[in-house]
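I kept these notes while going through one structure. The entries follow the order in which I looked things up.

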Amino acid sequence: MAGLAPRVDYLAAGFCCPLGGLSAGRARVLCHGAEIFLSAGRDLVYVYDPEGRLLTAVYRFPGQVWHLEVLALRRALYVLCAQRGIYCLSLDPASRSVSQNDGDDVDSELPCPVIPVDPDACFFPDATLRAFTVLDSMLIALAQGPTQWEVQLFECPCPGEDSRPRGRIGEVELSTYTPPAGSPEEPKAPRFLPVLCCVSPPGSSVLHGRLRGPGGFTLEGALFGLLFGADALLLESPVVLCGLPDGQLCCVVLKTLVTSRSAPGDPKALVKILHHLEEPVIFIGALRTEPLAEDVEDTYSDCLVALGHHGRTLAIKASWDEAENLVPELREYCLPGPVLCAACGGDGRVYHSTPSSLCVVDLAQGGTDGGPGGLPSLLCPASLSICSVVTLSVSSRGPEGGTKLLALSAKGRLLTCSPDPSSETPRPATLTAADAGRKIKELLCGIGTVSERVSSLKKAVDQRNRALTCLNEAMNVSCALLSSREGPRPISCITTTAWHCLELQDVLTATCLLENGSSFRLGRGWALCVQVLPNSHASDLDSASSAVTYTIPVDQLSPGERREVTLPLGPGEDGVLDLPVTVSCALFYSLREVVGGALASSDTSKDPSSDGRPPDVLPVQEGICLPLSEHTVDVLQGLRFPGLATPCTQAPGPLGPSGDPVSTFLGACRRLGSEPAEPASLRAQYLPPSVAAIRVSAELLRGALGDSYSGMSLCCATLQWLLAENATVDVVRARALSSVQGVAPDGTDIHLIVLEVAVTDLCPAGPIQAVEIQVQSPSLANVCGAHHAVIRRMQRMIEEQAARGSSPPDLRVQYLHQVQANHETLLREVQALRDRLCTEDEASACATAERLLQVYKQLRSPSLLLL
């Protein structure tokens, strides 16, 4: 069959295709008389006139069209919509009239108006239907249950009749399957739709397609009886043949299904599994492989054919064994895949489409080991040089006796193809002008098809090469970051804080400086993720929900370059800024953004059934996350020192109404009117401030501070070290202060005092020189926050000194035991007071709360010393 030269005629182009290409098993094209009915995988059904080369009607359905059939005798069009059901429309041209107001402006570029289908035309609403076929006055449907497939039989109405659901004549479960992960009550539509058709015996009343749809055919009596049994042959009953996405080929005798309700029995006895292809069934058809005698008029098929998605092909034919017994001859072949669609033509040929070409195989050539009338032992596909045909049908016999194919390409082009059956015979050496022109036209069509294929492949290769380059860069960056966890990192992110005035309100901001110190470029797919997590509610169950994550695309950060991002930390809408907060920075590389597009385009070029979706090889998390830094913003970093700032660099004032000019004016009026002050200001004026203290060995501080703070007193150096991460530390450093008064984020004063003291009761060798750090504020919450910030810095300092191997001096163990016992006593008293607060009345609770506050103050000023 080498050398087939088809005549290709492109009828029309521009049929609306879904994003990512057409899906296998969802595009349909049928020829009825002088009209072509076409569905391109969306919600539109086109009616095309091939003689006039124009669209005559376009129907819009409520959902994606999965299947359609035209019944000539009833002049009806039956359409299955995804998750909707089956619709019935009349083929009468008068029913296609539409007013200008009913047209859809969305598809105004179409040469004819779009006719919206009335929802009442859905005579069989069922979201579980996956396939159907029409036979005489019956409609056979295949439904997908939670865990099984089910064949259902209904009465079929004519167009214009009552569209209410008809009574169910019969039903039977075909096969069980394992549903995908998710809710079993809502089965998802399979990637491949099942195939459903009707097979009739020679004596059936539904011959020659007068009362059946295009999915039916008639088999010879011998083959029909071998496949479906003598009972079906004697009853002259059609058989429902089902090809499932898991590869099973099942059959149900129609008349036994009709009588199953009146004479119920074992449902499994109604279903017979003919074969298992072990891959999704794409096509079921029949053809004639042996020539007919001259006195025979009726043409019956003598071979049943089924094709799988990956190319596995099954052919069954009646044959004689050595004992002259009639037996089914079954052969399996392996054709190039993936198979997108197929059709059976004349002269025993099967046409099947792959993404690279439309091929044809000949089953009528006979076999060397199967006898003259047997099936061939090997099939050799011949290419017709047409690529990416997603749906195919045999429209009619050609003018010279050949087969005429009607096809739709993945680009949305409608075309006809007429393979020349006499191409194998030698042609005359001389060609007429008409033959030469036709041959040139065929060659140009072939060149255009190959050029389109080459362009598509080149685009897919370029996308894959770019994706591999990006993946290589991402791998280098990941290895560089993961191999430098101990020392300085090649890519770093430093976080600093500062106060800014935004929209007449003081806001504490965090600035993340991303610096690329490596030799690699951060390009497409990289993003800086900054997560802000409040630590004040870290023990709550919903602490994770309070975190805020910012994702900023890096967008080409070359080696040596920096990128700065400033984010607000607070206060929020309630005017409150809860400190401390943790700012975590990480680099995120999106695999789906970089690799998903390349894999989707490559997979679509090989198999349009992928719908343009990225394949399932990508991980669930869809990317790679590389942590860079973690920074805690506490009260000491949020302090402001307006009293120390020079007039030209005045620090921003406290939060609150003072930032608003109107509020400032009203506040001044209240002061002039001598109105009562707020409770916070009264507490600050008349109540003693809350105090918390911590003592640290002077030797420990000198070893930790080192030479960076030489030339100044230990108290001044300690204060500057505590405020080193504050944006206004330069003001404190310029004054060489050992105590400073600042303003907390809520506007309350905080006083930090650093004193040199001597601890006499701890060491038997004599007093130990120490530094006492005091935190004073009218707000107990601010005292606790600042005290926690000081302790956090001390813990970090002690860990660093312990790593250096320094040892503490000799201590009085008895004194330490006494201090520990005193603390345990205070802790037990705290627990007792808290339990008493739950049971006492309001008058007694005030005294208990006052005592509880005193105990907390004692715990905040311990007698222990950090060594």
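I counted a salt bridge where a side-chain nitrogen of Lys or Arg is within 4 Å of a carboxyl oxygen of Asp or Glu. The model is a predicted one: I took local features only at pLDDT of at least 70 and side-chain atom pairs only at pLDDT 80 or more, while totals for chains, interfaces and linings use all residues. Residues are numbered from 1 along each chain as its sequence is written, and side-chain values use heavy atoms, with hydrogens and water left out.

**Salt bridges**

I searched the whole structure and found 17 salt bridges. I looked up Arg733 and found its side chain in a salt bridge with that of Asp730, at 2.7 Å from N to O. Both belong to helix α11 (residues 729-735), where a spacing of three residues puts about one helical turn between them. Helices (H or I, at least four residues) and strands (E, at least two) are DSSP runs, numbered from the N terminus. Arg733 is partly exposed, at 36% relative accessible area. For burial I used under 20% relative accessible area as buried, over 50% as exposed and the range in between as partly exposed (1.4 Å probe, protein chains only).

I also noted a network in which Asp634, Glu725, Arg792 and Arg793 are joined by salt bridges that share partners.

Next I took the pair Glu329 and Arg331, whose closest N and O atoms are 3.3 Å apart. Glu329 counts as buried at 12% relative accessibility, and Arg331 counts as buried at 19%.

**Strands β20 and β21**

Strand β20 (residues 281-287) is mostly covered, with seven of its seven residues buried. I found six bridges joining β20 to strand β21 (residues 303-308), and the two run antiparallel. I took strands as paired when DSSP finds at least two bridges between them. Val281 stands opposite Gly308 in β21.

Arg288 forms a salt bridge with Asp302, with 4.0 Å between the closest N and O atoms. Both residues lie in the loop between β20 and β21, so the pair ties together parts that are 14 residues apart in sequence. Arg288 and Asp302 are both buried.

**The open sheet**

I traced an open sheet of five strands in the order β2-β3-β4-β5-β9, with mixed pairing. Which strands stand at its edges? They are β2 (28-32) and β9 (114-116); each has a single partner strand, so one side of each has no neighbour in the sheet. Strand β5 (residues 54-60) is joined to β9 by three bridges, and these two run parallel. Val58 stands opposite Val114 in β9.

**Cysteines**

How many disulfides does the structure hold? I found zero, taking a disulfide as a pair of cysteine sulfur atoms within 2.5 Å. For Cys512, the nearest cysteine sulfur is that of Cys585, 3.7 Å away. Cys512 is buried, with a relative accessible area of 0%. Cys716 is in no disulfide either, and the nearest cysteine sulfur, that of Cys715, is 6.8 Å away. Cys716 counts as buried at 9% relative accessibility.

**Surface patch**

Last, I looked up Ile447, which is found in helix α4 (residues 433-482) and is exposed at 54% relative accessible area. Together with Ile440 and Leu444, Ile447 makes a nonpolar surface patch of about 320 Å². Patches are made of residues with over 30% relative accessible area and no salt bridge, with like charges joined within 9 Å and nonpolar side chains (Val, Leu, Ile, Met, Phe, Trp, Tyr) within 5 Å. Accessible areas come from the Shrake-Rupley method with a 1.4 Å probe, and for residues only the protein chains shown count as cover.
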